[in-house]
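Here is a friendly walk through the structure shown below. Keep the picture open while you read, and look up each spot as it comes along.

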Amino acid sequence: MFPIGKIFQKINGSFEDILKLVKKITEYFLKLHWKSPRVVLSIVLACIFIFSGGYYLSQTTSAVNIIVNGQELGYVSSKSEAKKLVEEVLSAQAKDLEVEVQTEDEIIYKSIRVPKEEYQENLIQTSALLAAITPYIEGSGLKVNDKIIAVLPNDQAIEEVLSKFIEYQSKPSETNNVISTEIEEKVEKTKVKVNPQELKTIQETLDMLIQGDITVSDYRVEQDDSLWLIARKNNMLTDEILTANPNLSEDSILQLGQVIQLSRMEPFLTVISKGERVVSETIPFDVETKRDNSLGYGKSVVKQAGKDGEKEVTYSYVEENGKLLEKTVIQEKVTIEPVKQVVAEGPARPIAVAYSSSRGSGRVPGLIWPIKGRINSYYGYRNGEFHTGLDIDGDTGQPYVAAAPGKVIIAGWGGNYGYTILIDHGNGVTTRYAHSSKLAVYAGQQVDQGQVIGYVGSTGRSSGPHVHLEVMTNNKTLNPLNHL
Ligand SMILES: [Zn+2]
């Protein structure tokens, strides 16, 4: 047949286009003389033209082809429909966030007529559109020390994450008055274009900040290292080392110079908080011993049971991500007075005299710390057991010193105490240093304050190298922290 359809397709025709064409043809006829052969032929042609056009229109439909970056994806009925669909596909990527999803892809909406059948077969699929269009959003990047660690919908979201993280780390409460907080790292916000999939919610970012970043580093095994010691040196758990080194087990023998992996979570951000905290602390009761010669050798009777008191302590602190860096007691208020324990004691066995310490006023001289270190365990009740000393963290082999001048009365193995030293400072005051790896003094020796007397270890009942320091007057223990 006459290729009228092709002509129409070229016109790229909507119905209005065809009407325009018909009008033009009519105008042409009006200028001509009636009954001329030219006119008759023209009328016949026009009729064919119009009938074919009508037929064509009845067999085809107007459609809009969506072309993304030159790729034809299929049809929809109109341009507005096409735009709406693209809009929907883009905004569906925003998840539940209030962001505008955009694309830099070239999208062309091409109006055409297609046979109805073809139109039905090539209706556009949302999935095809999703796959073809690359969406992006302009978010706000959280930049820590010049590295973007997360992208959020906007600046306010970042502000919210940061304030929530600060609150998480500083934990303000009725008994914790946080005075100031500060993030140590350089934190910035920066505009950044990302795929909506990369966008993080406030909660996701907060969780990420709390969990920290995994960093892996090599560790070269040193003399006398054990998994436990390496873990302690690096502030990790043995299990964490084992997880990062599947070739190792708890019983593995480490070779000097062997390289193992240390992977750990490092915080992205460090919050330094300063404030004042109120805590309730136990005041351990004192024990007063009275000589009672009517009792037998070495016998003792409790005349009055002791009872711990309680005090409300206010201290100022500096914390780093919730870890105490500095602590200064500002105020102490006794809320419950302790009741001292009174013990009647018979005379000591004569044999014990040679080893027993002096007796006296019990006034404790100024003591110095045997080693500088973190306190692993305080004096007082600990899991239902009374801890009679102060555990000060140290490294195996690290020397420690006498807290005050005095005479060594015990230097040797002391069961649970491991290798232990007991120094008599006169006036009934003694100090004990337990769990040593090695001792540097002997019983009977006179020592000065600050003189090296032993080396840190983990002998006896101990879970790691530390100095267990006891301070006693007349053989009853005191809280060393009150005298250091
Ligand atoms: Zn201890």
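Isoleucine 112 counts as partly exposed because it has 15 C-beta neighbours inside 10 Å. The cut-offs behind that label go like this: with C-beta atoms placed from the backbone, a residue is buried if 20 or more other C-beta atoms lie within 10 Å of its own, exposed if 12 or fewer, and partly exposed in between. You'll find isoleucine 112 in strand β4, which covers residues 107-115. From isoleucine 112 to serine 58 is 54 residues in sequence and 15 Å in space, C-alpha to C-alpha.

Before going on, a word on what you're looking at. This is a predicted model, in which local features need pLDDT of at least 70 and side-chain atom pairs count only at pLDDT 80 or more, while totals for chains, interfaces and linings use all residues. Residue numbers start from 1 along each chain, following the sequence as written.

## The overall picture

How many helices and strands does the protein have? Its secondary structure comes to eleven helices and 29 strands. Both are DSSP runs numbered from the N terminus: helices are H or I with at least four residues, and strands are E with at least two.

Now for the outline. Along its principal axes, the C-alpha trace spans about 155 × 55 × 35 Å. The radius of gyration of the protein is 44 Å, whereas a compact globule of 484 residues would come in near 23 Å. That radius is taken over C-alpha atoms, and the globule rule is 2.2 Å times the number of residues to the power 0.38. Of the 484 residues, 19% are buried. As for contacts with a separation of 6 or more, 71% of them involve residues 24 or more positions apart. Two residues are in contact here if their C-beta atoms, placed from the backbone, lie within 7 Å.

## Two helices side by side

Next, have a look at helix α7 (residues 155-170) and helix α8 (residues 202-211), which pack at an angle of about 40° with their axes 9 Å apart. The axes are lines fitted to C-alpha atoms, for helices over the stretch in contact, and angles run from 0 to 180 degrees between N-to-C directions. α7 and α8 are therefore oblique to each other. In this scheme, angles under 35 degrees are roughly parallel, over 145 roughly antiparallel, 65 to 115 roughly perpendicular, and the rest oblique.

Which residues meet here? On the α7 side they are Ala157, Glu160, Val161, Lys164, Phe165 and Tyr168, and on the α8 side Ile202, Thr205, Leu206, Leu209 and Ile210. By class, this contact has eight nonpolar, one polar and two charged residues. Ala, Val, Leu, Ile, Met, Phe, Trp, Tyr, Cys and Pro count as nonpolar, Asp, Glu, Lys and Arg as charged, and the others, Gly among them, as polar.

## Two residues with positive phi

Most residues other than glycine have a negative phi. Histidine 435, though, has a positive phi near 70° without being a glycine. It lies in strand β24 (residues 429-436). Is histidine 435 buried or exposed? Histidine 435 counts as buried, because 26 C-beta neighbours lie inside 10 Å.

Asparagine 475 isn't a glycine either, and its phi is positive at about 70°. This one lies in the loop between β28 (466-473) and β29 (476-478). With 14 C-beta neighbours inside 10 Å, asparagine 475 counts as partly exposed.

Proline 365 lies in the loop between α11 (350-353) and β17 (375-377). Although proline 365 and histidine 425 are 60 residues apart along the chain, their C-alpha atoms are separated by 8.1 Å. Setting aside neighbours within four places in sequence, proline 365 is in contact with Ala404, His425 and Val429.

Tyrosine 381 sits in strand β18 (residues 380-382) and counts as exposed, because it has 12 C-beta neighbours inside 10 Å. Not counting residues up to four places away in sequence, tyrosine 381 touches Thr282 and Phe386. Last up is glutamine 93, in the loop between α4 (79-91) and β3 (101-103). With 19 other C-beta atoms within 10 Å, glutamine 93 is partly exposed. Residues up to four places away in sequence aside, glutamine 93 touches Val101, Pro135 and Pro196.
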